[in-house]
Amino acid sequence: MTVRRILAMDGSPVAGGEGYITAGILQSLRRMLDDAGDTRALLNQVDLFVGSSAGAFNAAFFAREEDPDAALSRSIDFWSEVVAMNKKGVSPGRLMRTLAGSSSLVDSRYMRDFFCGYFGATTTLGDLKKKLVIPAFQLDGQRRGLRIWRPKVFHNVGGPDEPDLNELLVDVLMRSGSPPLVYPIYQGLRGQGSGYVDGGVYANNPSLVGLASALREMGREESMESEPPDLSNILLLSLGNGRMSKFLTADFREGTANWGFARWLLEVRDPLLLIKMLLDAGSDAIDYQCRMILRKGYFRMNPVVEKALHAYERKHVEAGLQQELTRASCVDRLAQAHQWLVGSGWLSATPRT
């Protein structure tokens, strides 16, 4: 029986945030394995790295490596650079234009140029060492002769004739990681074709996209007359980037609260509340669906955090990350994740290199 291992990594809990939490969870799990004397690989045997938005950056970070386990120690430094590029892209003049409604918040050229230097401006999906799946949202596509906006899943899974193999990795990352309002619409380095926005608009938790991609590939490998793929062969580890403790109380009068767009989107103390709610709701719905489909073959961890890590000074990020991941609820969940890794068959049969 061939086991398919899928690592799915969320986009940011709020558009334009960070991927420190996912990297921290993986590093914590690696330490737990090492402390138990378990030298088996955590990431090297992953069949499919899946990520949306910030999770796409994480997925590409690992998918370009022959030895993702060895790269894990560099993931926090990678995210420090990503967050620095986000901060560099914000200026007082741009902020004023954003408040006036005439500009996105962040100039994405800094992030694009960083990725060109880090991954290579000519690197394609076909050049990667590992399989990668990244959702984005295409604003002007073709479907059965109609021009229509639609979800687009970029991948390097399949045969040598897959058109996405020629897509530039930088373009795919920027397309998946360009949330409306925060980043400009992204087209590509070649300046041709449709524009795209963040994959998080429909798959901030990309677990179901990863599962569908794996099932599609398994179906290709078998004859069309065969039975549906055996779901017991699939293991899916889903990691979030942390979520803030969020709830909503309204001033009800006669059983209703009459909110307009100002309260849902422009509240000074909690702007874009509606968008945050939709991101969380969509992620939780996908979590439920994957749990019902895969049962014991699925595990998700998305800890509640008290402070967004991009708010820390760079030199204090690791301390802040450690603080968030050592909260009692997170420690308990990490222990459950460790137990699942050991018991599910996720870990490689051979020691990591």
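Predicted model: local features only at pLDDT ≥ 70, side-chain atom pairs only at ≥ 80, totals over all residues.
Biologist: Let's start with the rings. How many aromatic pairs does a search of the whole structure find?

Modeller: It finds 21 aromatic pairs. To label a pair, you look at the angle between the planes: under 30 degrees counts as stacked, over 60 as edge-to-face, and the rest as tilted. Take Tyr20 and Trp79: their ring centres are 6.5 Å apart and their planes sit at 50°, so this pair is tilted.

Biologist: Where do Tyr20 and Trp79 lie?

Modeller: Tyr20 is in helix α1 (residues 20-35) and Trp79 is in helix α4 (residues 75-88), so the pair ties together parts that are 59 residues apart in sequence. Tyr20 and Trp79 are also both buried.

Biologist: What about the rings of Phe61 and Phe62: stacked, tilted or edge-to-face?

Modeller: Their centres are 5.1 Å apart with the planes at 80°, so call that pair edge-to-face. Phe61 and Phe62 are buried too.

Biologist: Which ring has the charged end of Lys152 over it?

Modeller: That's the ring of Phe154, with the charged end of Lys152 5.0 Å from its centre.

Biologist: On to annotations. Which residues does the UniProt "active site" annotation cover?

Modeller: Ser53 and Asp198, according to an unreviewed UniProt entry. Bear in mind that such annotations may be inferred rather than shown by experiment.

Biologist: Is Ser53 buried or exposed?

Modeller: The rule is that buried means under 20% relative accessible area. Ser53 has 8%, so Ser53 is buried. You'll find Ser53 in the loop between β2 (48-51) and α2 (54-63). Setting aside neighbours within four places in sequence, Ser53 is in contact with Gly11, Ser176, Gly177 and Asp198.

Biologist: And where is Asp198 found?

Modeller: Look in the loop between β5 (196-197) and α8 (200-203). Asp198 is buried as well, with a relative accessible area of 5%. Its side chain makes a polar contact with the side chain of Ser53, at 2.7 Å. Not counting residues up to four places away in sequence, Asp198 also touches others, among them Phe137, Arg175 and Pro179.

Biologist: What does an exposed residue look like? Say, where does Ile185 lie?

Modeller: Ile185 lies in the loop between α7 (169-176) and β5. Exposed means over 50%, and Ile185 has a relative accessible area of 58%, so Ile185 is exposed. Even so, Ile185 touches Leu139, Gly195, Tyr196 and Val197, leaving out residues up to four places away in sequence.

Biologist: Now Asn156: buried or exposed?

Modeller: Buried, at 4% relative accessibility. Asn156 has its place in the loop between β4 (146-155) and α7. Follow its side chain and you'll see a polar atom 3.0 Å from the backbone oxygen of Lys130, while the backbone nitrogen of Leu132 is reached at 2.7 Å.

Biologist: How many residues apart in sequence are Asn156 and Gly126?

Modeller: They are 30 residues apart in sequence, and 6.0 Å apart in space, C-alpha to C-alpha.

Methods. Residues numbered from 1 in each chain as written. Heavy atoms only, no water. Phe/Tyr/Trp six-rings, centres within 6.5 Å; stacked < 30°, edge-to-face > 60°. Helix = DSSP H or I, 4+ residues; strand = E, 2+ residues; numbered from the N terminus. Buried < 20%, exposed > 50% of the residue type's maximum accessible area, 1.4 Å probe, protein only. Lys NZ or Arg CZ within 6 Å of the ring centre and 35° of its normal. Contact = heavy atoms within 4.5 Å. Polar contact = N/O pair within 3.5 Å; in protein donor to acceptor, adjacent residues only side chain to side chain.
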